[in-house]
Amino acid sequence: MHLADDLNRHAVASFESVGCSARRAVASAPSSCGALPFRIQRDGTWLYRGTPIRRKPMVCLFASVLTRDAEGAYWLQTPTERGTIEVEDVPFVAMELHWSGCGRDQVLSFRTNVDLVVCAGPDHPILAEWDVPCEECGSGPVPYLHVRDGAGAYPIQARIARSVYYELAALAVPGTCRGAPCLGVWSQNVFFPLSCLPGGEGS
C-alpha cells in the first residue's frame, strides 16, 4: 500500500512540475519526452509504472491533457512537454446514461469514468459494429462514444459499459442504416444503429 501511495505521489509530483513550468513558459512547440510510464487499462484504470493511480482528481487532470495524433497514438501534452502513453482499448468508459425526450428529439447524455458529460449527436456519434450477425458478436457489439476529436482521423473515444449498453438496448427502436434494417437509438435528431434486427423482423 505504501509503495502504491509513493508511486502515486511520484506521478502527481512529476505532472505538477510539468504543469508549473507550463504556466511559466511562453507559447512554443512542446518538447517530446518519448514514452511515458502510463497505461490505461480496458476498464479505464490509469496505471503509473504498473500501479493504479488512486487519486481521481489527478486522473481527471491527466485525462484533460490527453490527445491523439494523426497515426492514432495517445499523448499526454502540456504547453511545454509531451509524451506517449499506452492505451489497451480506448481511454475512457461511459459509466452512466441519462436521457430526456423521445423519438428524434430524444437526447442521450453519458457520464464517463473521468466525469466528462457527453451528449450523443452529430458531433459525438455512437459507433458500433451493428451489422455483425448476432451469433458472431457474443453478448452484443461493443459500442463506443466519440468524446472529442484527435489531431487526425482517429478520435478519442469512450467504450460504453455493458450495463449502459443494456440501457441503450431498452431504448432501441427499429430503423435503417445504409438501406439495411437495424435496431438503434435516436439522440439529437440522429439515428445510431446498435445491432441487426432479429431474424425475420423488418423484412
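Modeller: Two strands count as paired here if DSSP finds at least two bridges between them. Helices (H or I, at least four residues) and strands (E, at least two) are DSSP runs, numbered from the N terminus. The model is predicted, so local features need pLDDT of at least 70 and side-chain atom pairs count only at pLDDT 80 or more, while totals for chains, interfaces and linings use all residues. Residues are numbered from 1 along each chain as its sequence is written, and side-chain values use heavy atoms, with hydrogens and water left out.

Colleague: What's the mean pLDDT?

Modeller: The mean for the protein is 85, and 80% of its residues reach 70 or more. pLDDT is the predictor's confidence in each residue, from 0 to 100.

Colleague: Where is pLDDT below 50?

Modeller: Residues 1-7 are one such stretch, with four contacts in the model beyond near neighbours in sequence. Contact means heavy atoms within 4.5 Å. Residues 18-27 also stay under 50, and the model has eight contacts for them beyond four places in sequence.

Colleague: Now the sheet with E14. What's the strand order?

Modeller: The order is E13-E14-E15, an open sheet of three strands with antiparallel pairing. E13 (173-177) and E15 (190-196) are the edge strands, each pairing on one side only. From one strand to the next, the twist averages 55°.

Colleague: How many bridges join E14 to E15?

Modeller: Six, with the strands antiparallel. In that pairing Gly184 stands opposite Pro193 in E15.

Colleague: And what about the turn between E14 and E15?

Modeller: The two strands form a hairpin with two residues between them, and Gln188 in the turn has a positive phi of about 50°.

Colleague: On the other side, which residue does Thr176 stand opposite?

Modeller: Pro181 in E14. E13 and E14 (residues 180-187) pair over five bridges, in the antiparallel sense.

Colleague: Which helix lies across E13, E14 and E15?

Modeller: H3 (residues 162-171), running at about 105° to E14. Axes are lines fitted to C-alpha atoms, for helices over the stretch in contact, and angles run from 0 to 180 degrees between N-to-C directions.

Colleague: Is E15 mostly covered or uncovered?

Modeller: Mostly covered: six of its seven residues are buried. Buried means under 20% relative accessible area, exposed over 50%, partly exposed in between (1.4 Å probe, protein chains only).

Colleague: Switching to E6. Does E6 run parallel or antiparallel to E1?

Modeller: Parallel, with five bridges joining E1 (residues 31-40) to E6 (residues 81-87). Ser31 stands opposite Glu81 there.

Colleague: What about E5 and E6?

Modeller: E5 (residues 74-77) runs antiparallel to E6, joined by four bridges. Gln77 has Arg82 as its bridge partner in E6. The hairpin of E5 and E6 has three residues between the strands.
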